[in-house]
Amino acid sequence: MGKRGKIALGMIGGGLWGLLLVGGPQWLGFGYIPAPLALPAALLVPGLFLVAVIGFLAQRRFFDDTIIDGEPFAHGSPEEIAQRVLANTVEQLVLALAIWPFVALTLGGAVAISLGLGFTLMRVVFWLGYLISPPLRALGFAGTFYPTLVAAVWSILIWV
């Protein structure tokens with residue numbers, strides 16, 4: 001199987017992960033958690049992931065004289081990869097902030113919390129994928145993006 005095929009498998013895995021994260025709390029019968037209670041919990045763990053990436057980059061800059069003044073990171077270095085992970089994570093969190101509140105109102109806060117935990121796990125997979133395997137990176141990306149998309153569509157269908 002070629003690289004695109006492996007990446008496609010990662011994307012399919014991310015879509016299935018999305019169905020599990022959105023459907024799981026409902027299929028398991030978790031009660032309705034009000035959005036104001038759930039959203040802080042849903043966003044806490046992704047926020048802590050951001051803290052970890054930002055902290056990693058700050059620590060690297062502080063202890064390396066070649067980049068302490070804000071110079072660009074060397075292409076392909078762990079720092080440059082972490083910078084890419086950080087940028088993509090911020091993009092994904094902006095999308096989450098736009099959609100998860102509606103999801104929490106329509107499907108319940110347990111789904112939002114599930115999305116937050118799943119988001120963080122897949123961000124770790126995304127970062128590892130950047131370091132060791134493009135298909136793993138695809139799974140990490142898709143496992144972050146598709147659950148938000150699945151949740152949005154599912155919520156709209158319930159709402160309408």
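Glycine 76 is found in the loop between α2 and α3. The model described here is predicted. The points below cover this glycine, the largest nonpolar core, and the spans that a UniProt record lists as transmembrane.

**Glycine 76**
- Glycine 76 counts as partly exposed because its relative accessibility is 41%, a value between the cut-offs of 20% for buried and 50% for exposed.
- Leaving aside residues up to four places away in sequence, glycine 76 touches Ile81 and Arg84.
- Between glycine 76 and tyrosine 130 the C-alpha to C-alpha distance is 9.5 Å, although the two are 54 residues apart in sequence.

**The largest nonpolar core**
- This core has 34 residues.
- Val22, Val53, Trp100, Val103, Leu115 and Trp127 have the most contacts inside the core.
- At least two core residues come from each of α1 (3-27), α2 (35-62), α3 (78-106), α4 (109-132) and α5 (134-159).
- With ten residues, α3 gives the most to this core.
- Tryptophan 100 touches Leu39, Ala42, Leu43, Leu115, Gly116, Phe119 and Thr148, again not counting residues up to four places away in sequence.

**Spans listed in UniProt**
- An unreviewed UniProt entry lists residues 7-25, 37-58, 93-126 and 138-159 under "transmembrane region".
- Residues 7-25 are 100% helix and 0% strand in the model, and the end C-alpha atoms of this span are 28 Å apart.
- Residues 138-159 are likewise 100% helix and 0% strand, with 31 Å between the end C-alpha atoms.

Notes:
Residues numbered from 1 in each chain as written. Predicted model: local features only at pLDDT ≥ 70, side-chain atom pairs only at ≥ 80, totals over all residues. Heavy atoms only, no water. Core = buried A, V, L, I, M, F, W, Y, C linked by side-chain atoms within 4.5 Å. Buried < 20%, exposed > 50% of the residue type's maximum accessible area, 1.4 Å probe, protein only. Helix = DSSP H or I, 4+ residues; strand = E, 2+ residues; numbered from the N terminus. Contact = heavy atoms within 4.5 Å. UniProt positions renumbered as here; feature names shortened; annotations may be inferred.
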